[in-house]
Amino acid sequence: MTSQNSPLTRPLADPEAVVAELLTFLEEQTRSLWEPETDLYRDGGLSSLFAMQLVVHLEKSYGIAIRGADLRLDNFRTVRLMSALVGRLQQAQADGRDG
Amino acid sequence: MGEDLAEAVASATALVADQAGEWDRTGLLPLRLLRELGAQGRLCAEVPVQYGGLGLTSLTGGQYTAHIGSLCSSLRSVMTSQGMAAWTVQRFGTARQQADCLGRLTGGELAAVAFSEPQAGSDLSALGTTIRQDGESVVVDGRKKWVTAAHYADLLVVFGRYQDGAAAVLVPADAPGVRVERIADPLGCRAAGHADLWLDSVRLPVDSVLGGYGLPLPLLVTTALAYGRISVAWGCVGILRACLAAATAHAATREQFGRPLAEHQLVARHLAELYAGEQIASRVCEHASRCWDAGSPEQVVATVLAKHVSAARAAEGAASAVQVLASAGAADGHSVARAYRDAKLMEIIEGSSELCQLMLAQHAMTAGGLGRAMPGAGGTT
């Protein structure tokens, strides 16, 4: 769990590209195919341990720090919601509202 | 950083000297020692330098933790608690809470983290402690069990229900309504200051709640425990190193049937397995710490694996060391006798071996594309 990335030099990620990348990550990790709207925990049977893996993966891949209220499970419930979280946090960092 | 570590290691060796056995026997660490290490940032050495920590990586911090663990598991337990408190604040606290609290945790104040309750041990979803907002205050009610280092702590990080989820709240140990009762004779880590807590209508400013949000309890607990688990895992590496050193030294000098113990094949097997255990635990901890330092998502499972493997190996290895030293190591206060009792507790705390096994099994199923066959295994969902 690192916040050592350099958000200032990182271009904002395209939401659809984030969706595609996350679907690939999920497929690699679970050897299953997922839809962007599938509830990963309620319908997918994934655990809070897996949710934590997703937190670390998002931080590492997109140079964001996910803290405080952003750690609500609702932000990690579907691939689409995670993509929205990435967009929001990257935008906040670009605007200098980090931390 | 290398010099910092060498200095911290040498300093800890000198401070502990030959006193660990006495601390174990009396059940108390000198408070002055804890304050001194705390004020140097050495009880939570991975806290960033900007907050007064040493900014050690997980790997370097792990080596330091293993060294302390080889000297005294009680002191290492206090470090684990302090580090876990700091990590929880780093992870969930606001910028202001981080600046304030982390400075205190690297300035000599001591902290403990309270998860378990009389009715909520492995199943933390049964947590009954409540944090209730009342105007500009929050009111905390509940009872906590087996809180490591709470006897020494100035600050208690208490997990409870809050809003529609859960939160961690910072409770000064001297706040009205807080009662801390030391567990006098724990099986192991006897000087780690284990205590039970009573929280009766403890009224605190609302900004005592980390982040101020109701977060999902499993994610909150899993995140906080991750630090505790990697720290305990490294502590177990230290136990194994101390046991290996004691067993080999004894086997080299003690003679029976006209030759050193090490030349007896059945004793040699104990030494071989102790060495194997120390090496396996070291490698699995190094791997997990490298995952932390790289920010790899694999850190989550690698940490559970490291905790499970290292605790099991430490318990086995300590039992072997007692067997090799026999009467020479069977008295209270001896390093292998301590290790034997301390290592057993490592299979229980920060997620019992069985809980770790359930998490690892679920991971194995998920990674094999079979995750949906066992949703919610291990109570972690």
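Guide: We can go through confidence, the contact between the chains, the domains and then some helix pairs.

Visitor: What scores does the predictor give the complex?

Guide: This is a predicted model, and the predictor gives the complex an ipTM of 0.84 together with a pTM of 0.93.

Visitor: And what is the mean pLDDT of chain B?

Guide: For chain B the mean pLDDT is 94, with 97% of its residues reaching 70 or more. Over residues 375-381 of chain B, however, the pLDDT is below 50, although this stretch has 22 contacts in the model beyond near neighbours in sequence. Where pLDDT is low, predicted coordinates should not be read in detail.

Visitor: How does helix 2 of chain A cross helix 7 of chain B?

Guide: The axes of helix 2 of chain A and helix 7 of chain B come within 9 Å and cross at roughly 70°, and these two helices are therefore roughly perpendicular to each other. Helix 2 of chain A passes helix 7 of chain B in a right-handed crossing.

Visitor: Which residues make that contact?

Guide: From helix 2 of chain A there are A:Ser48, A:Leu49, A:Ala51 and A:Met52, and from helix 7 of chain B there are B:Pro218, B:Leu219, B:Thr222 and B:Thr223. The contact of helix 2 of chain A with helix 7 of chain B has five nonpolar, three polar and no charged residues.

Visitor: What about helix 2 and helix 3 of chain A, which residues meet there?

Guide: A:Leu54, A:Leu58 and A:Tyr62 of helix 2 of chain A meet A:Met82, A:Val86 and A:Gln90 of helix 3 of chain A. By class, this contact has five nonpolar, one polar and no charged residues. The axes of helix 2 of chain A and helix 3 (residues 79-94) of chain A come within 11 Å and cross at roughly 45°, which makes helix 2 of chain A oblique to helix 3 of chain A.

Visitor: Switching to chain B, what domains does the assignment give?

Guide: The domain assignment of chain B gives domain 1 (2-109), domain 2 (112-214) and domain 3 (218-379). Between the centres of domain 1 and domain 2 of chain B, taken over C-alpha atoms, there are 21 Å, and 22 residues of domain 1 of chain B are in contact with 18 residues of domain 2 of chain B.

Visitor: Which helix has the largest share on the domain 1 side?

Guide: Helix 5 of chain B has the largest share of the side of domain 1 that touches domain 2, with ten residues. That side of domain 1 of chain B divides into eleven nonpolar, nine polar and two charged residues.

Visitor: Last one: how do helix 4 and helix 7 of chain B cross?

Guide: The axes of helix 4 (residues 58-71) and helix 7 (residues 217-253) of chain B come within 7 Å and cross at roughly 45°, and helix 4 and helix 7 of chain B are therefore oblique to each other.

Notes:
Residues are numbered from 1 along each chain as its sequence is written. Chains are lettered from A and ligands numbered from 1 in the order in which they are written. This is a predicted model: local features need pLDDT of at least 70, side-chain atom pairs count only at pLDDT 80 or more; totals for chains, interfaces and linings use all residues. pLDDT is the predictor's confidence in each residue, from 0 to 100. Two residues are in contact if their C-beta atoms, placed from the backbone, lie within 7 Å. Domain bounds come from an automatic or database domain assignment. Helices (H or I, at least four residues) and strands (E, at least two) are DSSP runs, numbered from the N terminus. Ala, Val, Leu, Ile, Met, Phe, Trp, Tyr, Cys and Pro count as nonpolar, Asp, Glu, Lys and Arg as charged, and the others, Gly among them, as polar. Axes are lines fitted to C-alpha atoms, for helices over the stretch in contact, and angles run from 0 to 180 degrees between N-to-C directions. Angles under 35 degrees count as roughly parallel, over 145 as roughly antiparallel, 65 to 115 as roughly perpendicular and the rest as oblique. A crossing is left-handed if the near helix is turned anticlockwise from the far one by less than a right angle, and right-handed if clockwise.
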